[in-house]
Amino acid sequence: MNELLTRPRIIQTNRLILRPIRKDDAPDTVRILTNPRCAETYMLPDYPSPDDALPLARRLAALSEKTGAEDKLVYGIALREDDRLIGFLNEVAREGDAMELGYVLHPNHWNRGYMTEAFREVIGMLFRCGYSAVRAGYFEENAASRRVMEKCGMTLTGESEEIDYRGRSHRCVYREIRKIGRMGKAVSVVPYSSRWKEDFALLRDRIAGAAGSCFSAVEHVGSTSVEGLCAKPIVDIDAVLADAGLFPAAKDALAGIGYEYEGDRGIPGREAFRYVGGEILPKHNLYVCPPDSPELARHLALRNWLREHPAGAEAYGRIKQRAAEDFPYEIERYIEAKTPFIESVYREAGLLPSPVRQAREEDAERIAEIRVGCYRMNFYPIFRSDSYYFGELSVTGLARRIREDPLFPGAYAVFDDGAVKGYSRIEGDELKELFVEPCLQGRGIGTALFGMAVRERGVRTLWALEENTRALRFYSRRGFTPDGERKPEADTEHDLIRLSKTEA
């Protein structure tokens, strides 16, 4: 069995504080315990009067003060905005380093994502404290609890039991999530909140008030700095030194308001600080950067690009949401999933070398593989031609035709970051083809290829199949829209439409 660690006394999420239940919470605790809808949903006893619920309220408060490895887990769930108690989360059972959790939430706060937010964070905390599995049960008809557990990555165990409750038999279904490797804090991506601006302003004023003479600027960076963009609810701050030599003074000043220096955490050009003071502040990361910091330049470039490209920011948000769902407790894999998009923005800003190069003779087979894969995935559902897509269209024959193309390889460019993952074909100012390996789409590869085509090759027009709505959205987000011209696709009943670059 893993060695179990002491749990944190307070856990902050985007909208909640998980904390001990205090004496002055008693009215809210009793209100939750005596709510008839809570009793029906969470298997609470019937209390004839609020006074009858007080003993359990007091017991929950006493248990929630204890955070030792052997103590029973109880957290009060309070709203960050006013610290009001709206529910609690508790240990139901424990077997070795596996824990079963339960929760109660007042009905006024159902269907707002609060329990998913709290549950996800507590699961991550338990994994960091040494637990190998977290389990929970729910009545089969309770769809809301099922969704909470699904969103937290919990899967069915195959176990269930019949429970008699309030004169009815209910089937209780169990789900669990097991720790795989090194699983860290919960990866939570939430909708944009205007409060992030206020949180940054509060933190900026504290930092500037203590060390303002050391800094030329205190910048709000990261996704919380982009209006409308979903984000992990942690404010990222880059404090920019007026001169690199002022770092020792800045370090001392920040220590005076509760910040502990943690070095560069393996990333040169920024110095990390962790808040360890006693006051509850919004969750944030603070980095101190010299004025010529490459990391600062990248942070500002990404922030500014996302602010200037709302459609691009929306696409980035979808990538992050999907990554958070796929890897809810694996921050490294979450970061890996969104890195290609970020790097495409850095390359557009000239901060990274481009992986796009002119094609070479040996690229013909790889180009043919990509084209065949994309044709079958994107166009077969439209044209439904078995004889062509699964007969005539072959990698060997297509690679030979590509090599024999008098414009090859000059008209072709490939995305090569160690493996060729996409390509484009350009003739004059017209983009003839742009394809990305199907399993790698949505990672910024097409953006890099198209950006090069526009910037370096002067592409102004292209033709796209009218039914290919995904491609039309991709080009529209990059300033290419239908100009009214259309023509039939050869040997089909379908039309191509021309897209032209929209003038700024």
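A residue is called buried when its relative accessible area is under 20%, exposed when it is over 50%, and partly exposed in between (1.4 Å probe, protein chains only). The model is predicted: local features need pLDDT of at least 70, side-chain atom pairs count only at pLDDT 80 or more, and totals for chains, interfaces and linings use all residues. Residues are numbered from 1 along each chain as its sequence is written, and side-chain values use heavy atoms, with hydrogens and water left out.

Helices (H or I, at least four residues) and strands (E, at least two) are DSSP runs, numbered from the N terminus. Helix 11 spans residues 364–383 and is kinked by about 35°, centred on Arg 376. The bend at a residue is the angle between axes fitted to the seven residues ending there and the seven starting there. Buried residues of helix 11 include Ile 367, Ile 370, Arg 371, Cys 374 and Phe 379. Their cover includes helix 12 (386–392), helix 13 (395–404) and strand 18 (461–465). Arg 384 follows helix 11 and has a positive phi, near 50°.

Five strands form an open sheet in the order 9-10-13-12-11, with mixed pairing. Strands pair if DSSP finds at least two bridges between them. Strand 9 (215–221) and strand 11 (259–261) are the edges, each pairing on one side only. Strand 11 runs antiparallel to strand 12 (residues 271–275), over three bridges. Tyr 259 has Tyr 275 of strand 12 as its bridge partner. Helix 6 (residues 195–211) packs on the sheet and touches strands including strand 10 (235–241) and strand 13 (284–289). Contact means heavy atoms within 4.5 Å. The direction of helix 6 makes about 160° with that of strand 9. Axes are lines fitted to C-alpha atoms, for helices over the stretch in contact, and angles run from 0 to 180 degrees between N-to-C directions.
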